[in-house]
Amino acid sequence: MRKLLQVDFTLPNTMGPEVINKMVELAKSINLEPGLVWKIWTQQPVNQLGGGIYLFEDEQSAKSYLEMHSNRLTQMGITNIRGVIFNINSDLTHINQGPIS
C-alpha cells in the first residue's frame, strides 16, 4: 500500500538559483531511491523551513528513506528534522485528483 512521507526541517537560507543549481545532482539521485514514486520539494522562507513530500510504493521504502535522509541532513548540519509517514485515503484523494495512482 502506497505511503506519503512528509519531511521538514530548519532551512536558514532560501533556495535561490545558486542553491538550486548545487542541489540538481541530489535531486537526480533521489529518483533512484527504492520505492520512490515522486517527490515535491517544499520551502517556507518566512519560517525558515525546507523539506519535501514524497510518495512511496510501501511503508518500508518510506521508513528506509526517512532514516537515510535524516542522517544525510544531520551530516549537512541541518537541524529540527521531522518526518511523518501517512496512510492515504484513496477514495477521497481521487475525488480531488490527488496524484497517487
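Helix α1 covers residues 17-30 and contains both K28 and E25, which are three residues apart, about one turn of the helix; helices (H or I, at least four residues) and strands (E, at least two) are DSSP runs, numbered from the N terminus. K28 and E25 form a salt bridge whose closest N and O atoms are 3.9 Å apart. The term denotes a side-chain nitrogen of Lys or Arg within 4 Å of a carboxyl oxygen of Asp or Glu. E25 is exposed, at a relative accessible area of 57%; buried means under 20% relative accessible area, exposed over 50%, and partly exposed in between (1.4 Å probe, protein chains only).

This is a predicted model, in which local features need pLDDT of at least 70 and side-chain atom pairs count only at pLDDT 80 or more, whereas totals for chains, interfaces and linings use all residues. Residues are numbered from 1 along each chain as its sequence is written, and side-chain values use heavy atoms, with hydrogens and water left out.

The structure holds four salt bridges. Side chains of opposite charge can pair when their charged atoms come close. Which residue forms a salt bridge with D8? The partner is R82, and the closest N and O atoms of the two are 2.5 Å apart. D8 belongs to strand β1 and R82 to strand β4 (residues 82-86), so this pair ties together parts that are 74 residues apart in sequence. D8 counts as buried, with 15% relative accessibility, while R82 counts as partly exposed at 44%.

The strand pairing involves these two residues as well: D8 stands opposite R82 in β4. Strands β1 and β4 run antiparallel and are joined by five bridges; two strands pair if DSSP finds at least two bridges between them. Strand β1 also pairs with β3 in the antiparallel sense, over eight bridges. Within that pairing, Y54 of β3 is the bridge partner of L5.

A further salt bridge connects R2 with E57, the closest N and O atoms being 2.9 Å apart. R2 is in the segment before β1 (3-10), and E57 is in the loop between β3 (49-56) and α2 (59-75), so the contact ties together parts that are 55 residues apart in sequence. Both residues are partly exposed: R2 has a relative accessible area of 24%, and E57 has one of 36%.
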